[in-house]
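Hi there,

Here is the structure I promised to pass on to you. Have a look at it first, and then read my notes below.

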Amino acid sequence: MYKPVTAQPKHVAAEQPGLLAPDTSGMNFYRADQALTDLLRIHLPETLFRHIEPHLDRLGELAGGRLDDCARLADRHTPVLHQRDKFGRDVQWIEYHPAYRELENSAFGEFGIHALSIRKGIMGWPDKYPVVAKHAFTFLFNQTEFGMGCPINVTDGCAKLLANFGSEALKAQYLDGLTQTDMSKLTQGGQFMTEKEGGSDVGTLTTRAVQEGDHWRLHGEKWFCSNADAKVVMLLARPEGAGPGTRGVGLFLMPRFLDDGSQNHYRIVRLKDKLGTRSMASGEIKLEGAIAYAVGKLDRGFVQMAEMVNSSRLSNGVKSTALMRRAYHDAMTVAKNRVVFGKRIIDLPLGRRQMLKIMLPVEQALSMSFLTADALDRAEAGSQDAAALLRILTPTLKFRATRDARKVCGDALEMRGGIGYIEEFATPRLLRDAHLGSVWEGTGNIVAIDALRRAVGRHGAESALSADLHARLDDSVSVPQAWRDNLRGLVDRAVGFAREVAGKSENEADARRATSLLYHVASAVALAWEAHRIHEMRGDARRLLLSRLVIDHRVAPSDPFRLTENAAQAKIAALLLGDRDAGMSEVGELVLAA
């Protein structure tokens, strides 16, 4: 069996003066993340948390060790498309490095991340896992390998589309394979959406579907197809004779191989040479009469696919949060071990400030990811209020977390200095991968418009967000009343501004700013609520300090000529960047300090 290069011991550089600062090699990403443990204990039943914790611990260890070596090699040795087999037959296949296969075995086989919320019995749990639990595994795995996050996500999405809308015959043939954790039986999925004619504007797609008995023949091109050799693909096409726009689009399942074992009638024209996620094969697909099967009602294809957008955008936000957390771990490892001018970087005022600028968006995104995952769990259980809340949270999370990831990963690279630019370290890969989030499942402009024009303007989902945030403030009884009152006012202002922007098309230019304000204010409330809950559990209220920093640095207008460092700010930095817990009385004074 293939064995990746053994990681260098993490203590070597730290114990030999004059050498480079260490990196995160050998770190257990679960044990290093107290916030993750705290949020899982808040959002999950204790019995479920206790069940998954040993598995999270194992994944955290693998992500910082063996799998990280695999991820580096898979990124370096990218997939290769072959047009023929060794006998000269026209059988396309993609060659992957053994390190990529080992990553697959871990994600799909050992942990079953793609099927946690669909299939019962994975990792010994008798039921399906809630989305909150599932994304704890997503979060840890993507700290080591972001590229495979796409195959995991689209396989999950294919299974959900099939389970929700497919015929009994289609489900009987394909659903089990899509949710298998036995690698010999696994059928990975793909979702081929983008065309040259229409990326975000799906209604302009030109792929045609022609009926032929009990199946359809597809003709056209798909322009950006990740997991290009997936065995089962969900895609949109326009049935012959259907009208224009999204209402004329149907959803189809297209197998890679036909019943007789031959390849279906479509070709992978080439693989994309991408900036990031280089380990995973993305390609251009030409459909040449490919056999496919209708899924659900033909005139509801776009609506059905759109129902997966909430799940996919949440996954996108969690993955971007994972990149930020890994970047933070790396930056903190440097800051605590690199000595410059006689002091550690973490002990220097500017070093502390830069670490806080890296930390803050990470913690915001973590809180918003689990807030959104919890809303999805409640929506799937039948809550209409949660469904409305989810409608505004998913585009808001996707918009801001993916953009923050680009900045955070860049700043973490800079913390290491010039050596952080070298591909032997994880930081360049993190930065390259981070740029995908902003274009996957809609660019920033498209997602901001979705949040404001559709979620607010069309569905009134901001009312559900306002109600949820006010309820969390009501629940946070240990948080100082003055701070809760301040947050209440900001919630009302952010929601009011979002309504104003959504109300008139000429205000569209402010959609990004309005979406960001919703995100920042919601995260400040979530952080305060979490501080209350964590303080009740184990006496630590430090997340309330992050709530203040969100308002100070991401919401309130700043005076560029005002000095920002004072005694209170220094104490806040020391608590957040240190290891000591702090109670609500100590933290409360700092939150209200000038």
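What follows is a short tour of what turned up in it.

Please keep in mind that this is a predicted model.

Let me start with strand S7, which covers residues 250-255. Six of its six residues are buried, so the strand is largely enclosed by the rest of the structure. Both of its faces are covered. On one side you will find Gly250, Phe252 and Met254, and on the other Leu251, Leu253 and Pro255, all of them buried.

S7 also has strand partners. Strand S6 (residues 232-239) runs antiparallel to S7, and six bridges join the two. Strand S9 (residues 282-294) is antiparallel to S7 as well, joined to it by two bridges.

Next, the nonpolar cores. The largest one has 167 residues, and those with the most contacts inside it are Leu40, Phe137, Phe141, Leu218, Met254, Met355 and Leu544. Helix H10 supplies the largest share of this core, 15 residues. Apart from it lies another core, of 24 residues, which includes Phe165, Tyr174, Leu251 and Leu253.

Met254 deserves a look of its own. Leaving out residues up to four places away in sequence, Met254 touches Phe192, Leu218, Lys231, Val232, Val233, Leu235, Asn264, Tyr266, Leu287, Ala290, Ile291 and Ala292.

Leu40, also named above, brings us to helix H2. This helix spans residues 34-43 and is mostly covered, with eight of its ten residues buried. The buried ones are Ala35, Leu36, Thr37, Asp38, Leu39, Leu40, Ile42 and His43. What do they pack against? Their partners are helices H3 (46-63), H6 (131-141), H9 (301-337), H10 (349-380), H16 (511-538) and H17 (543-555).

Is threonine 427 buried or exposed? Its relative accessible area is 1%, and since buried means under 20%, threonine 427 counts as buried. Setting aside neighbours within four places in sequence, threonine 427 is in contact with Asp330, Ala412, Leu413 and Gly420.

Happy browsing, and do write back with any questions!

Best wishes

Conventions:
Residues numbered from 1 in each chain as written. Predicted model: local features only at pLDDT ≥ 70, side-chain atom pairs only at ≥ 80, totals over all residues. Heavy atoms only, no water. Buried < 20%, exposed > 50% of the residue type's maximum accessible area, 1.4 Å probe, protein only. Helix = DSSP H or I, 4+ residues; strand = E, 2+ residues; numbered from the N terminus. Pairing = 2+ DSSP bridges. Contact = heavy atoms within 4.5 Å. Core = buried A, V, L, I, M, F, W, Y, C linked by side-chain atoms within 4.5 Å.
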